Amino acid sequence: MKKLVKANEPLVTHIYTADPSAHVFEGKIYIYPSHDLNEDVESNDNGDQYGMTDYHILSMDDFNSPCIDNGEALHIKDVPWASKQMWAPDAAFKNNTYYLFFPARDKDGIFRLGVATSPTPAGPFKAQSDYIPGSYSIDPAVLVDDDSRAYVYFGGIWGGQLEKWQTGTFNSEGVGPDKAAPAIGPRVAELNDDMFTFKETPQEISIVDESGNPLLAGDEDRRYFEGPWVHRYNGYYYLSYSTGTTHYIVYAISKDPKGPFIYKGRILNPVVGWTTHHSIVQVEGKWYLFYHDSSLSGGTDNKRCVKFTELTYNEDGTIETIDPYK
Ligand code: FUB
């Protein structure tokens, strides 16, 4: 008998999983995670310890069912342009097709974003022969809006290389701004109808405080680090992300999918392990946070496990902060 899923417990324990992007497709819950390798690598700020080579898609009929591993959905050997490090993916449905968006390093060691397609949500997925032209950095998250326009949000500093793209082209010597200067923001680009190409040059998203001032690079409790996710609630776009060095998942809201976004608060307190990464999904009228920690490996940064918990909105549209261990 397969074990039923429980809140705040690993969805699966036979493999390490991270960076969960959850969606409801065809009446079931599908989770698109990274597949962490069971290997011992010393951690560094470049993220070399995250050497993933494939994706496995998880699914469950509902929150009273077992979580199924649907097997290998895409391997790096079948991605002609990629060399290593298949990091946080996401999926979207449009044109009667499922699209898997994923980052990996190209043959020059530069992170790019790729797309793969499948007629079914669990795959297997077939990769496009090249990465999205003009794409860079990591952690793509795709929002298909009510009007069917699709936007990809992406980017991460440090190992995610955003510091090296501040001029619009790759500068291997690029460093982050001074602490008192505006922080580097995530990027957004609308996708063309084919979902394989950008409709425009990616724009930097501005995240501001309640007075309209940009969050500063030294404001590590609030500034953007990596792992964007955008969902809609009550007419607002909610952009949530990891603060990296301070290990929070926080959020900011806007009436416009491209921002500026106004910082609102914390969604998730720090988890076991260095990274924190999440997604937010509505299932049968309730809202859920999918996240990961390193509890399954006793705290090893690159051996993580995906979990979920319920997420609560207050009447004013703010989100209650979740403590994952209380
Ligand atoms: O899983 C590799 C990287 O770690 C992801 O791309 C980041 O968001 C962080 O979770």
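**Entry 1: the open sheet**

I started with a sheet and found that 5 strands form it as an open sheet, in the order β14-β18-β17-β16-β15, with mixed pairing. β14 (207-208) and β15 (226-233) are the edge strands, each with a single partner strand, so one side of each is left without a neighbour in the sheet. I note that two strands count as a pair if DSSP finds at least two bridges between them, and that strands (E, at least two residues) and helices (H or I, at least four residues) are DSSP runs numbered from the N terminus.

Before going on, I wrote down that this is a predicted model, in which local features need pLDDT of at least 70 and side-chain atom pairs count only at pLDDT 80 or more, while totals for chains, interfaces and linings use all residues. Residues are numbered from 1 along each chain as its sequence is written, and side-chain values use heavy atoms, with hydrogens and water left out.

**Entry 2: the partners of β18**

Which strand pairs with β18 in the parallel sense? I found that β14 does, over 2 bridges, and that V208 has I262 in β18 as its bridge partner. Strand β17 (residues 249-254) pairs with strand β18 (residues 261-268) in the antiparallel sense over 5 bridges. In that pairing I253 has I262 as its bridge partner, and I249 stands opposite L268.

I then followed the chain from β17 to β18, which form a hairpin with 6 residues between them, and saw that G259 in the turn has a positive phi of about 85°. The peptide bond from G259 to P260 is cis, with omega near 0°, and P260 is found in the loop between β17 and β18.

**Entry 3: other loops and turns**

N95 is a residue other than glycine with a positive phi, near 55°, and N95 is found in the loop between β6 and β7 (97-106).

β10 and strand β11 (residues 150-154) run antiparallel and are joined by 4 bridges, with A141 opposite Y153 in β11. Their hairpin has 5 residues between the strands, and S148 in this hairpin takes a positive phi near 75°.

**Entry 4: pockets and a cavity**

Rolling a probe the size of a water molecule over the atoms shows where empty space is left. The search uses a 1 Å grid over the protein atoms alone: a cavity is a set of points where a 1.4 Å probe fits but cannot get out, a pocket is an open set with protein on both sides within 12 Å along at least five of seven lines, and lining residues have an atom within 4 Å of a point. Grid points are joined across faces, edges and corners, and a volume is the space filled by probe spheres set on the points.

The largest pocket has a volume of about 510 Å³. Its lining holds 20 residues, of which H23, L143, V144, V230 and H231 lie nearest the centre, and β1 (16-25), β6 (90-94), β10 (141-144), β15 and β19 (278-283) each supply at least two residues of this lining. I sorted the lining residues by class (Ala, Val, Leu, Ile, Met, Phe, Trp, Tyr, Cys and Pro are nonpolar, Asp, Glu, Lys and Arg charged, and the others, Gly among them, polar), which gave 15 nonpolar, 3 polar and 2 charged for the largest pocket.

The second largest pocket has a volume of about 320 Å³ and is lined by 26 residues, with G47, Y50, E226, W274 and T275 nearest its centre. Its lining divides into 9 nonpolar, 11 polar and 6 charged residues.

I found 1 cavity of 30 Å³ or more. The residues that line the largest cavity include D139, A141, W229 and H277.

**Entry 5: the ligand**

Which residues are around the ligand? I list D19, Y50, M52, W87, A88, D139, E226, T275, H277, H292 and R304, where being near a molecule requires a heavy atom of the residue within 4 Å of it.

A polar side-chain atom of D139 lies 2.5 Å from an oxygen atom of the ligand. For H277 the distance from a polar side-chain atom to a ligand oxygen atom is 2.7 Å, and for R304 it is 2.7 Å. The protein covers 99% of the 280 Å² of accessible area that the ligand has on its own, where accessible areas come from the Shrake-Rupley method with a 1.4 Å probe.

Terms used:
Polar contact = N/O pair within 3.5 Å; in protein donor to acceptor, adjacent residues only side chain to side chain.
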